[in-house]
Amino acid sequence: MKAPFNTILSISLVLFLMSCEEDITPDPTLYKSQYVVEAYLEKSENALPPYLLLTRSIGFYAKIDSVVLKNLFVHGAKITIEYNGNSYALEEICLSQLPEPLRSEVLKGLGINSDSLAIDFCAYADLNGSIPLNVGESYHLKIVVGEDTLSASCYIPLSVNIDSLWFGNLPGKQNDSFAQAFCIIQDNPQYKDFYRYFTAGKGESLVPNFSSVTNDFFFDGQRFKFTLNKAQSPESGFSDTTGYFRRGDTVTIKWCTINEEQFDFWNTLEVSRTRQGPFSSYVRIKGNIDNALGIFGAQHCQTYRIYVPFK
């Protein structure tokens, strides 16, 4: 029996494509290291002072160990934040210079597990709290490393708080140990708003959810009810209770209004994490640092501590 024409055509096409395959290995000598900046201004109670992490990028095939990671930190940079005609310098400091319990508090604020930290973590910060953080105002960052100059700008947005926060039963499930969180916010109709949130259970560090940002495209100016999942890092596994809060726990929820540049950065970064495999599309992560990778962002946050009741 003769094979159908479509089958013959399909086999021929596969054989043709196989004959055209060519392994492509990027040439590591063509890679050029870039500066990477992560800097934040946060207006909230108990916020860390304005800080900046300055490192260098490494190639995809580069060897990674504690020595390499330690050498990624850029030391001796001149970093200033300009506001309202004044210039404020950030001082370089490493964790090894901090006494306990301040060291542990800083790591907790950064969401870093001190037990898993194998290198001396260094940053630039406004240690004296001299930079005034005012809503609606713009701030300009300038970084000078040798002959290189990096710059960026951001503004501190108006806060949109959570009006109501409560817990209910899991949807369609009988489970006495976990609860679903519900929230209501009143979005500001005068502005284009962007949001990011963090959560923590008792004794846990605040972490952002693997999908932690949203904008008000679908609820601009509305009183909006939504479910809020317990934050789950990308490295954590998933189960039937992922995203739910344990009953009897006292949880912390940090709700932030962020500027648009920070939303674009985290949105593209979080989307890129879900694009895995050889057939996924490439996502270019957006930043706002001139002549470098990364983000200079601002956020206005409120922190809520609430008990998750039993039924």
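Let's start at asparagine 84, which sits in the loop between E3 and E4. This is a predicted model, so please keep that in mind throughout. Asparagine 84 has a positive phi of about 55°, although it is not a glycine. Is asparagine 84 buried or exposed? Exposed: its relative accessible area is 64%, and the cut-off for that word is over 50%.

Now, the strands on either side of that loop. E3 and E4 belong to an open sheet of four strands, in the order E4-E3-E7-E8, with antiparallel pairing. Strand E4, residues 86-89, and strand E8, residues 148-155, stand at the edges with a single partner strand each, so one side of each has no neighbour in the sheet. From one strand to the next, the twist averages 20°.

If you follow the sheet along to E7, residues 138-145, you'll find it joined to E8 by eight bridges, and the two run antiparallel. For one of the pairs, look at valine 145: its bridge partner in E8 is aspartate 148.

Asparagine 128 is in the loop between strand E6, residues 122-125, and E7. Asparagine 128 is exposed too, with a relative accessible area of 65%. Asparagine 128 and leucine 90 are 38 residues apart in sequence, yet their C-alpha atoms are 9.4 Å apart in space.

Asparagine 46 lies in the loop between E1 and E2. Asparagine 46 has a positive phi of about 60° without being a glycine, and at 77% relative accessibility it counts as exposed.

Let's go inside. Nonpolar side chains in soluble globular proteins tend to be buried together. Here, the largest nonpolar core has 28 residues, and the ones touching the most other members are Val37, Leu52, Leu54, Tyr139, Leu141, Ile143 and Phe296. Which strands supply at least two residues each to this core? They are strand E1 (35-43), strand E2 (51-56), strand E3 (78-83), E7, E8 and strand E16 (293-307). There is also a second, separate core of 23 residues, which includes Leu95, Val213, Leu269 and Cys301.

What are the partners of E11? One is E12, which runs antiparallel to E11 and is joined to it by five bridges. Phenylalanine 198 stands opposite proline 208 in E12, and threonine 199 has valine 207 in E12 as its bridge partner. This hairpin of E11 and E12 has six residues between the strands, and glycine 203 takes a positive phi near 80° there. E11 also pairs with strand E15, residues 250-258, in the antiparallel sense over six bridges. There, tyrosine 197 stands opposite tryptophan 255.

Rolling a probe the size of a water molecule over the atoms shows where empty space is left. The second largest pocket has a volume of about 250 Å³. Sixteen residues line this pocket, and those nearest its centre are Tyr197, Thr214, Phe226, Thr227 and Trp255.

Which strand gives the largest share of that lining? E12 does, with five residues. Strand E11 (194-200), strand E12 (207-215) and strand E13 (223-228) each supply at least two residues.

One last stop, at the loop between E12 and E13, where you'll find phenylalanine 217. Is phenylalanine 217 buried or exposed? With a relative accessible area of 63%, this phenylalanine is exposed. Phenylalanine 217 is 25 residues from lysine 192 in sequence and 8.1 Å from it in space, C-alpha to C-alpha.

Technical notes: Residues numbered from 1 in each chain as written. Predicted model: local features only at pLDDT ≥ 70, side-chain atom pairs only at ≥ 80, totals over all residues. Heavy atoms only, no water. Pairing = 2+ DSSP bridges. Axes fitted to C-alpha atoms, helices over the stretch in contact; angles between N-to-C directions. 1 Å grid on protein atoms, 1.4 Å probe; cavity = no way out; pocket = protein on both sides within 12 Å on 5 of 7 lines; lining within 4 Å. Points joined across faces, edges and corners; volume = space filled by probe spheres on them. Core = buried A, V, L, I, M, F, W, Y, C linked by side-chain atoms within 4.5 Å. Buried < 20%, exposed > 50% of the residue type's maximum accessible area, 1.4 Å probe, protein only.
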